[in-house]
Amino acid sequence: MKCDVCGKDELLPYRCKYCGGVYCVEHRLPEEHDCDGIDEYWNVPVNVKKEKKKFNAGLRPVRPGKSVRSVKFPGVRLASYGYNNIILALITVMFFIGVISRGWVIQYLALNPVRFATMPWQIVTAMFVHLEFWHYFINAFILLIFGSELESRIGSKKYLEIFLLSGISGNVFYILFAYVTGDFSPAIGASGAIYGVMGTLAIIAPEIRVLLFFFIPMSIRTAILLFAAYDLLMLPMSRVTGVASIAHLGGLLVGLYYGRKMRVIGRTSWWR
């Protein structure tokens with residue numbers, strides 16, 4: 001389908017829930033295509049709508065109450081950066097540290113349910129550790145797409161809150177599950193946080209479509225349901241698969257909670 005603004009062909013176009021138009025990724029947000037239905041359906045004060053259309057030297061629109069950070073030098077403002085980009089940079093650095101010193105990373109930074117009491121920082125550091133290339137690449141790719149999308153919609157501070165709490169929640173679930181099952185294998189990865197990000201998007205942006213296995217198009221809500229069902233099915237076999245399915249589900253619960261909370265708030269004022 002072609003974008004109503006620029007005519008670009010899109011395999012998975014965005015359909016605006018306010019005006020019903022079809023748009024490419026560059027014009028998916030209401031302020032990017034001068035949405036006709038925004039005044040009628042988007043219950044946000046007029047001064048807020050005007051503020052969202054302001055650009056600063058090519059940066060993203062500044063949303064009220066949300067910080068858009070940028071690096072400043074005398075007379076120069078560089079392109080803005082968000083927390084998602086910082087997270088991507090951090091897990092990339094940690095991946096290469098793991099390549100150099102795998103044993104040290106597993107001992108001190110991976111989440112070890114037995115050592116957690118004496119090394120509590122592991123509940124956070126484990127989210128940024130990936131030791132296998134494909135584990136790192138897939139998580140980084142998903143974060144690049146969906147993390148950037150969520151941060152652009154809800155702002156950097158709220159995005160960081162969702163990412164961290166989803167990841168921490170997933171790790172807490174993993175610790176509890178370890179003591180129930182007796183499997184105390186160390187756990188690593190950002191998957192719990194990523195499930196939280198996608199869970200939030202599934203609630204606040206159900207119009208998003210994804211390509212399952214890169215060729216099966218479906219709504220993000222359908223994809224999340226399939227992922228959750230698969231993790232529930234594989235939960236008893238976590239020891240065999242080596243996948244912390246319980247951490248995925250724990251992170252997803254936090255994401256769904258935040259999505260629901262923001263959707264309710266959005267009935268009176270989306271940006272808070």
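**Notebook: a hairpin and some aromatic rings**

I began with strand 5 and strand 6 (residues 216-219): the two run antiparallel and are joined by 4 bridges. I am working from a predicted model.

I looked up a bridge partner next. R209 has S219 of strand 6 as its partner. Then I checked the turn. The hairpin of strand 5 and strand 6 has 3 residues between the strands, and F213 takes a positive phi near 60° there.

Which side chains of strand 5 are buried? I found V210 and L212 buried, pointing to one face.

I stepped back to the whole protein. I noted 11 helices and 6 strands. Of its 272 residues, 48% count as buried. The protein exposes about 14400 Å², with carbon and sulfur atoms supplying 65% of that.

I turned to the rings. The structure holds 14 aromatic pairs. F128 and F163 form a tilted one, 6.2 Å centre to centre with 40° between the planes. This pair links distant parts of the chain, 35 residues apart: F128 lies in the loop between helix 5 (122-125) and helix 6 (133-154), F163 in helix 7 (residues 156-181). F128 counts as buried because its relative accessible area, 10%, is under 20%. F163 is buried too, at 0%.

I also looked at Y257 and Y258. Their pair is edge-to-face, 5.7 Å centre to centre and 80° between the planes. Y258 is buried, with a relative accessible area of 7%.

Last, I logged a cluster. Ring pairs link F95, F96, F133, W134, Y136, F137 and F141.

Conventions
Residues numbered from 1 in each chain as written. Predicted model: local features only at pLDDT ≥ 70, side-chain atom pairs only at ≥ 80, totals over all residues. Heavy atoms only, no water. Buried < 20%, exposed > 50% of the residue type's maximum accessible area, 1.4 Å probe, protein only. Pairing = 2+ DSSP bridges. Areas by Shrake-Rupley, 256 points an atom, 1.4 Å probe, with all protein chains shown as cover. Phe/Tyr/Trp six-rings, centres within 6.5 Å; stacked < 30°, edge-to-face > 60°.
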